[in-house]
Structures are given as C-alpha cells and as structure tokens.
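Colleague: I have a model on screen and want to learn to read it. Can you take me through it feature by feature?

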Amino acid sequence: MASSRKSPRSNTLIARVTAILRLHVKRGERLAAGLSGGVDSVVLLDLLLRASKKLRFELAALHVNHQINPAAGRWAAFCRALCRQRGVAFTSVRVKVPRGESLEAAARDARYRVFAALPADHVALAHNLDDQAETVLLQLLRGAGVKGLSAMPTVREQSAERRAHENRLTPAILRPLLEIPRSEIEAYARRRKLAWIEDESNADVYYDRNFLRHRVLPVLAERYPAYRRTLARASRNLAEAAQLLDDLAAADAQLTAGGLAISGLRGLSVPRAKNVIRYFIGLHGVTMPNAARLDESVRQLQSQRAMRTTIDLGEHLLRRHANELRIVARTLSLPGSYRHEWHGENRLRLPELGGTLVLTKCRGSGISLARLAGAPVTVRLRQGGERLQLHTQRPRRSLKNLLQESHIPPWERARLPLLFCGDELVWAAGIGIGCPFQAKPGETSVQP
C-alpha cells in the first residue's frame with residue numbers, strides 16, 4: 001500500500017490539484033469540501049487533506065442530506081465516520097427538496113443555498129471533466145444560451161448577497177477536479193485504497209444525466225474519444241462570448257439605486273434589451289425566466305402603453321415601478337389581523353416583515369412617550385382607510401395618497417410597519433409621525 005501511494009500518477013494528480021489551490025486559496029483561509037460519499041468527493045477530500053498540510057488552509061467537510069433516497073441517512077453516517085477517521089471537522093445539513101419538474105435542479109438549488117450560508121472562504125466541489133461534458137450536452141438539449149452552455153467554471157468568485165438587510169459575502173465555489181476525467185479519479189481511489197459509497201440511482205436512466213452517461217456518451221466516445229476535452233474547450237469559448245455579452249449589457253444598462261431604468265431599454269434592439277434584462281437578473285443571482293416569458297416582458301417594456309410588468313423568477317419576481325425594474329423576493333401574504341405589541345424595548349424584531357424596528361430613546365424629537373402611555377402600542381399592517389396628519393397647518397390625509405406621493409412601491413405597502421396607539425395611527429415607516437404624537441421640545445421621546 002505504501003508503494004502504491006508513491007505512484008507517479010497519484011503524485012501527478014495531487015500536484016495538479018495543489019497547483020489550482022495555490023492560485024486561489026490563501027494560507028489560513030477556510031475551505032469546506034462538499035462530501036456526498038461518492039468516489040469523486042471522497043477523492044477530493046483525500047487530495048484536499050494532503051494539500052492542506054503544504055498550503056496551510058483550514059479544511060472542513062460538509063454533507064448535504066437531501067432526504068430523497070431511502071439510504072440518505074446511511075450516506076450521512078458514512079461521511080461522518082470517514083471524517084472522524086481522517087480528523088476532518090464535519091457538518092451534515094438536512095434540506096427539504098420541493099417536488100417539481102426537475103428534482104435534480106431543485107436538489108442543486110437547495111445545496112447551493114446551504115453553500116451560500118457557510119462561514120467559509122471557499123466551497124470545494126468534486127465536479128470532473130465528465131460532469132462538464134454532460135452538463136454542456138444537457139444545456140444544449142435544453143436550448144440554453146451562451147451563458148448556460150459555458151457550463152461550470154473552475155472558480156466562481158465570492159459575491160455579495162443581501163440577506164435580512166445585511167450584506168455578506170458568499171463563499172467562492174472551487175472545482176479543483178474539473179479538468180480531470182472520471183477514469184483518472186477512480187484509478188486514484190483504487191491506488192489509495194479509498195472507500196466510498198455507490199449510489200444505485202446513478203444507474204437509473206430515467207434521469208437525463210444518467211441517460212446521457214450510460215446510453216449516449218459511450219456511443220459518442222467510439223467515434224470521438226476526445227469528446228470530453230473538446231466539449232470543455234467549446235464551453236470555455238462560450239464563456240468568453242458570455243463575458244462579451246455581459247460587457248455589452250453593462251454598457252447598455254442604466255442602473256439606478258433601486259433597479260434598472262426602463263427608458264434605457266426603449267432605444268435598444270430586442271436582442272440587446274433581452275441581454276440587458278438577463279444581465280440585470282444575473283447580478284442578483286436569481287433564476288432566469290424562460291425565453292417566451294422574457295420575449296413577452298421585453299415587448300411590454302418597450303411599449304409606451306405598458307403600465308405593469310411582473311416576471312416570475314421562482315423565489316423572486318421582476319417587477320416594474322414607475323420607470324424602474326426591480327428584483328423583489330417573493331413573500332407570503334400576512335393576515336390582516338397581524339399585530340406585534342411594543343413594551344418599550346429599543347429593538348422590536350419583526351421577522352415576518354423582514355427586519356427589526358429600532359426605537360431610539362431621545363428628547364424633543366420623534367414620538368412622545370407620554371402620548372403613548374394612554375393605550376396599548378402595536379405594530380400592524382394596512383387595512384385601508386388609515387389617515388395621518390403630518391403637519392399642524394395641513395389636514396389629515398389618507399395613507400394611500402401619502403404612500404403614492406412618497407413613491408413607495410405597491411408591493412412594499414402591504415408589508416409596511418405601522419405603529420398604532422390604541423386605534424390611532426402614530427407612525428408609518430417612510431412617511432412620518434402624526435401631529436398628535438410628535439414630541440415637544442425637551443420631552444422624552446423615541447425616534448423610530
């Protein structure tokens with residue numbers, strides 16, 4: 001066994017992976033290896049463990065349990081035992097995968113949400129050259145554009161993600177085995193006498209990827225034995241074309257603080273306008289609409305008569321407000337009975353509304369605490385008919401009109417926190433404080 005570990009091929013593979021890691025992983029950074037228990041991920045963990053001793057990065061392993069296969073618990077246990085044996089920190093995360101048109105795509109999305117939340121600098125995945133070729137063919141058969149056909153990059157850098165009103169960096173995705181054929185990975189595993197799990201579902205040709213792997217690609221290899229590297233080269237060429245389209249979109253797009261200016265789309269050809277919208281959606285890292293939906297949205301946006309545009313992006317919506325397009329997270333509607341009592345605390349968490357109401361103690365500005373003492377203070381949502389007087393010299397006005405004049409988008413109005421004292425409206429977020437509750441000079445108060 002010792003002599004097998006010194007084989008030239010084994011050393012060649014560790015040298016190639018170490019060279020990739022040296023380019024992207026700095027000393028002391030945290031790297032999480034995606035560990036499914038299959039041969040590819042077990043080999044990746046072995047290589048990373050060996051490389052970490054030379055490059056001095058922190059290594060941990062992550063197993064995502066999709067809870068789809070009856071053997072999923074056994075796979076998680078295998079991964080845990082393997083990491084305990086190798087002295088690698090291990091985490092297992094269970095996810096719920098919604099049933100839909102593509103179980104594989106839903107499982108992938110669930111995995112990447114877990115990756116994005118990891119406290120790590122990099123997530124290393126075990127995709128190999130065969131996976132890349134399969135992905136390019138699958139995307140081609142699905143009618144993907146140049147971005148989809150550019151398939152998987154070796155490195156997808158960290159990106160900023162806005163979650164719960166807090167900016168954070170998601171880990172970079174690193175694929176050190178992407179230029180390595182599956183046969184070489186399996187040979188390495190045998191030489192190193194590694195143990196792994198065989199997922200019986202990998203033989204089920206009901207799934208598109210397995211059908212290509214077992215029925216189509218062996219035939220293709222008879223005539224084109226170098227198809228893996230040829231398809232990988234084609235995907236790199238398409239990635240360059242995709243970058244050029246992004247550069248063009250960046251020049252065409254009129255980005256605003258809130259989103260994308262619609263007026264800038266009207267002077268563009270339909271292909272360039274579609275390219276800008278795809279670029280804008282891609283900046284937010286959300287699901288792309290299908291071609292028919294994108295075509296119809298561009299037609300509406302370029303029409304002077306179009307008043308509203310909403311494009312379904314899965315967990316998000318592309319919505320129009322005035323002269324802007326904005327990416328909006330899809331949210332569940334809240335009951336009209338929603339209310340949250342305030343008992344004088346400085347911070348009132350409102351998770352259903354996606355944030356925290358901060359009430360800072362002060363004097364002479366904001367809301368008079370004395371005026372709030374007469375009745376229970378609650379946070380509620382709009383019911384319709386609310387009115388607010390913002391200035392003593394002006395009449396009370398409907399909250400609906402005040403919201404419209406403040407240019408608050410319609411989808412935000414239904415979830416706007418309103419502060420009530422008893423049944424009197426005290427304050428509306430983004431609008432202001434009603435005159436009867438405004439603090440007088442020197443009076444103890446809170447500023448929401």
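Predicted model: local features only at pLDDT ≥ 70, side-chain atom pairs only at ≥ 80, totals over all residues.

Colleague: Where is R182 found, and what is R182 in contact with?

Modeller: Helices (H or I, at least four residues) and strands (E, at least two) are DSSP runs, numbered from the N terminus. R182 belongs to helix 8, residues 182–191. Contact means heavy atoms within 4.5 Å. Setting aside neighbours within four places in sequence, R182 contacts D40, N128, D130, D131, E134 and R213.

Colleague: How do I read two packed helices? At what angle do helix 6 and helix 9 pack?

Modeller: Two numbers describe such a pair: the angle between the axes and the distance between them. The axes are lines fitted to C-alpha atoms, for helices over the stretch in contact, and angles run from 0 to 180 degrees between N-to-C directions. Helix 6 (129–141) and helix 9 (208–223) pack at about 105 degrees, with axes 10 Å apart. They are therefore roughly perpendicular to each other. Under 35 degrees counts as roughly parallel, over 145 as roughly antiparallel, 65 to 115 as roughly perpendicular, and the rest as oblique.

Colleague: Which residues make the contact?

Modeller: Helix 6 supplies D131, E134, T135, L137, L138 and L141. Helix 9 supplies D208, R209, L212, R213, L217 and L220. By class, that is six nonpolar, one polar and five charged residues. Ala, Val, Leu, Ile, Met, Phe, Trp, Tyr, Cys and Pro count as nonpolar, Asp, Glu, Lys and Arg as charged, and the others, Gly among them, as polar.

Colleague: Now sheets. In what order do the strands of the four-stranded open sheet run?

Modeller: Two strands pair if DSSP finds at least two bridges between them. The order here is 9-12-11-10, with antiparallel pairing. Strand 9 (260–261) and strand 10 (310–313) are at the edges with a single partner strand each, so one side of each has no neighbour in the sheet. Strand 9 pairs with strand 12 (324–329) over two bridges. L260 has L325 as its bridge partner there.

Colleague: What lies across that sheet?

Modeller: Helix 11 (270–283) lies across strands 9, 10, 11 (316–321) and 12, at about 35 degrees to strand 12. Its buried residues are A273, K274, N275, V276, I277, Y279, F280 and I281. Their cover includes helix 10 (227–252) and helix 12 (291–301), along with strands 9, 10, 11 and 12.

Colleague: What should helix 11 span?

Modeller: The expected span is 1.5 Å times one less than the number of residues. The 14 residues of helix 11 should span 20 Å, and its end C-alpha atoms are 20 Å apart, which agrees. G285 follows helix 11 with a positive phi, near 65 degrees.

Colleague: Which residues other than glycine have a positive phi?

Modeller: Most residues other than glycine have a negative phi. R56 is one of the exceptions, near 65 degrees. R56 sits in the loop between helix 3 (39–55) and strand 2 (58–65). Q67 is another, near 60 degrees. Q67 lies in the loop between strand 2 and helix 4 (72–86). Q67 is partly exposed, at 40%.

Colleague: Last one. What does H321 touch?

Modeller: H321 lies in strand 11. H321 is buried, at 14%. Not counting residues up to four places away in sequence, H321 touches R326, H407, I408, P409, P410, W411 and R413.

Key:
Residues numbered from 1 in each chain as written. Heavy atoms only, no water. Buried < 20%, exposed > 50% of the residue type's maximum accessible area, 1.4 Å probe, protein only.
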